[in-house]
Amino acid sequence: MPIPDFIVELRRAIGHAPLWLTGVTAVTIHDRKVLLVKRSDNGAWTAVTGILEPGEDPADCAVREVLEEADVHARAVRLAWVHVLPPTVHPNGDHAQYLDLVFRMDWLSGEPFAADDECTEARWFDLDELPPMTDNMRRRIELSARDDDRTVFDTQ
């Protein structure tokens, strides 16, 4: 997965030390189907994900990531879930932890395909027939597919 330029610059100063980053998950829904991409780094089927650039609006980031990864135009319609992912160590040794903002996206136009090197496939799946994926990713999709306007916040 390409590392954003601003993170490359930070890593020059701090090495592999932990970084707190904000990410988005863009769950794009169309006719009771969800857009999923097959990640090129680990082969997992997921909703589109990405990291906010400095100063970028989170909803704009979600729109940008869907277009970059799957060549689909989508609109952010609500924030479905705000949660913190566990600390992670990337294959290059970088430590990070992510605040993940999960957006419900509505499809506007475009037929999905793997539009960049972050994924090898992009396609629609019936919400009732998802491929194997982590429980956390399945929850992101389930919360986004709800018909209510509620945002879920994980609290202690």
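Q: Buried means under 20% relative accessible area, exposed over 50%, and partly exposed in between (1.4 Å probe, protein chains only). With that in hand, why does C119 count as buried?
A: C119 has 5% relative accessibility, so it counts as buried.

Q: What kind of model is this, and what do its values use?
A: This is a predicted model, where local features need pLDDT of at least 70 and side-chain atom pairs count only at pLDDT 80 or more, while totals for chains, interfaces and linings use all residues. Residues are numbered from 1 along each chain as its sequence is written, and side-chain values use heavy atoms, with hydrogens and water left out.

Q: Is C61 buried or exposed?
A: Buried, because its relative accessible area is 0%.

Q: What makes a set of residues a nonpolar core, and how many residues does the largest one have?
A: The members must be buried Ala, Val, Leu, Ile, Met, Phe, Trp, Tyr or Cys residues, joined through side-chain atoms within 4.5 Å. The largest such core here has 19 residues, and V24, L35 and V66 have the most contacts inside it. Two or more residues come from each of β1 (19–30), β2 (33–39), α2 (58–70), β5 (73–84), β7 (95–109) and β8 (119–126). The biggest giver is α2, with four residues. Apart from this core lies another one of 18 residues, including I29, W81, M133 and A145.

Q: Which residues is V24 in contact with, leaving aside its neighbours within four places in sequence?
A: Contact means heavy atoms within 4.5 Å. On that basis V24 is in contact with V48, T49, G50, L52, P58, C61, A62, D100, L101 and F103.

Q: How do you know that the span of α2 is close to the one expected?
A: The expected span of a helix is 1.5 Å times one less than its number of residues. With 13 residues, α2 is expected to span 18 Å, and it reaches 18 Å from its first C-alpha to its last.

Q: Which residues of α2 are buried, and why do they line one face of the helix?
A: The buried ones are C61, A62, E65, V66, E69 and A70. Looking down the axis of α2, they fall within an arc of 135° (the arc of the directions from the helix axis to the C-beta atoms), so they line one face. They pack against β1, β2, β4 (48–51), β5, β7 and β8.

Q: What caps the N-terminal end of α2?
A: D57 does, with a side-chain oxygen 2.9 Å from the backbone nitrogen of A59. A polar contact is a pair of N or O atoms within 3.5 Å; within protein, one must be able to donate a hydrogen and the other to accept it, and residues adjacent in sequence count only if both atoms are side-chain atoms. After the helix comes D71, whose phi is positive, near 55°.

Q: Why is R11 called buried, and which backbone oxygen lies 2.7 Å from a polar atom of its side chain?
A: R11 is buried because its relative accessible area is 12%. R11 is found in helix α1 (residues 5–14). The backbone oxygen is that of H95. Leaving aside neighbours within four places in sequence, R11 is also in contact with H16, A17, L19 and D94, among others.

Q: Why is V77 called partly exposed?
A: V77, in strand β5, has 38% relative accessibility, so it counts as partly exposed. Beyond its neighbours within four places in sequence, V77 is in contact with R104 and D106.

Q: What makes D31 count as exposed?
A: At 62% relative accessibility, D31 counts as exposed. D31 lies in the loop between β1 and β2, and has a positive phi near 50° although it is a residue other than glycine. R32 is in the loop between β1 and β2 too, with a positive phi of about 60°.
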